[in-house]
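Here are some friendly notes to read alongside the model. Please keep the viewer open as you go through the points.

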Amino acid sequence: MIKVIISGAAGVMGHMVAECTAAADGFEAIAGLDRADDFSGSFPIYGDFDKCQEDADVIIDFSHFSAFPKVLAFAEKRHLPLVVATTGLSDDDQKAIEAKSKDFPIFKSANMSLGINVMADVLKQISPILKDFDIEIVEAHHHRKVDAPSGTALLLADAVNDGLEAAGMDKKNYTYGRHGLDCKRTEDELGISAIRGGTIPGVHLALYAGDDELIEIKHTALSRKIFANGALKAARFLVGQKNGLYDMQDVIRAQ
Ligand SMILES: NC(=O)c1ccc[n+]([C@@H]2O[C@H](COP(=O)([O-])OP(=O)(O)OC[C@H]3O[C@@H](n4cnc5c(N)ncnc54)[C@H](O)[C@@H]3O)[C@@H](O)[C@H]2O)c1
């Protein structure tokens with residue numbers, strides 16, 4: 001039985017992880033971390049992380065970038081493998097993840113779904129072939145989302161640049177949204193635009209616009225379950241791994 005501490009347990013994804021943990025074989029949610037105590041559910045949620053003394057195997061973090069330094073310190077103190085799903089992390093957070101992953105295993109992915117990670121692989125492969133096409137990424141999410149563009153849009157943009165770099169081509173510069181009288185597109189640009197509204201779990205569209213032709217590669221999340229179940233898959237992979245930094249490509253390769 002893999003015992004899980006859910007960080008961001010009181011949030012939308014925290015609830016979804018708890019629901020999927022209860023439905024999955026071999027997992028048990030034993031505690032939560034969030035902004036405030038809540039002992040009314042099937043496991044205790046602690047506002048003060050130091051009060052969480054439960055004996056766990058892994059932490060799954062779907063919280064908020066402002067909470068992340070605390071979450072990382074908690075994982076380090078308890079020496080627990082950490083699955084990071086929270087987005088909007090700073091460069092300093094990223095550096096801290098890389099440094100701490102030498103001391104305990106950390107998994108990080110801005111998108112826990114298999115589909116998006118396969119889409120990233122596809123973009124990596126086709127971008128050098130479609131080098132003369134203008135590439136744009138458009139994402140849409142629910143109106144509660146605080147960060148923009150989504151971590152997934154950046155993951156996909158990075159996949160484009162990884163593909164170009166691997167083929168010895170220049171990487172693109174990211175342009176976030178467009179507004180004003182001086183926004184003419186340049187060749188070295190990769191545009192990233194964000195739409196916010198309603199309850200959309202997540203839509204990501206990669207557009208390759210050429211002369212008289214358009215390729216559209218689109219992923220639509222129909223339920224947040226794909227992220228929660230993906231995080232559980234990552235947790236199962238991470239428990240027992242050597243220290244290091246892992247992502248969804250490692251999980252896919254291990255299947
Ligand atoms: N990687 C993925 O596949 C994936 C998928 C969906 C969401 N996410 C990310 O997961 C995160 C959570 O998403 P959500 O929709 O559940 O958001 P949410 O706002 O519903 O939940 C966030 C939770 O974090 C808690 N929190 C906020 N600040 C805190 C702090 N300083 N200390 C402790 N707890 C704090 C909130 O109280 C809340 O319960 C976001 O960063 C989102 O982008 C990632």
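1. The protein chain has 7 helices and 12 strands; helices (H or I, at least four residues) and strands (E, at least two) are DSSP runs, numbered from the N terminus. This is a predicted model, in which local features need pLDDT of at least 70 and side-chain atom pairs count only at pLDDT 80 or more, while totals for chains, interfaces and linings use all residues. Residues are numbered from 1 along each chain as its sequence is written.

2. On overall dimensions, the C-alpha trace of the protein chain spans about 60 × 40 × 35 Å along its principal axes. A compact globule of 255 residues would have a radius of gyration near 18 Å, and the 19 Å of the protein chain agrees with that. Here the radius of gyration is taken over C-alpha atoms, and the globule rule is 2.2 Å times the number of residues to the power 0.38.

3. Of the 255 residues of the protein chain, 38% count as buried. A residue is buried if 20 or more other C-beta atoms lie within 10 Å of its own, with C-beta atoms placed from the backbone. Among contacts between residues at least 6 apart in sequence, 68% join residues at least 24 apart; a contact means C-beta atoms, placed from the backbone, within 7 Å.

4. Helix α2 (residues 68-78) has Phe 68, Val 71, Leu 72, Phe 74 and Ala 75 as its buried residues. Seen down the axis of α2, these fall within an arc of 160°, so they line one face of the helix; the arc is that of the directions from the helix axis to the C-beta atoms. They pack against β1 (2-7), β2 (27-33), β4 (58-61), β5 (82-84) and α3 (91-100). Just after α2, His 79 takes a positive phi of about 50°.

5. Helix α6 (residues 225-238) is mostly covered, with 12 of its 14 residues buried, including Ile 226, Phe 227, Leu 232 and Lys 233. At 1.5 Å a residue, α6 should span 20 Å, and its end C-alpha atoms are 20 Å apart, which agrees; the expected span is 1.5 Å times one less than the number of residues. Gly 240 follows α6, with a positive phi near 90°.

6. Which residues are closest to the ligand? They are Gly 11, Met 13, His 64, Ala 67 and Ala 85, in a shell of 22 residues, counted by a C-beta atom, placed from the backbone, within 6 Å. Helix α1 (residues 12-23) gives the most to this shell, with 3 residues.

Terms used. Contact = placed C-beta atoms within 7 Å.
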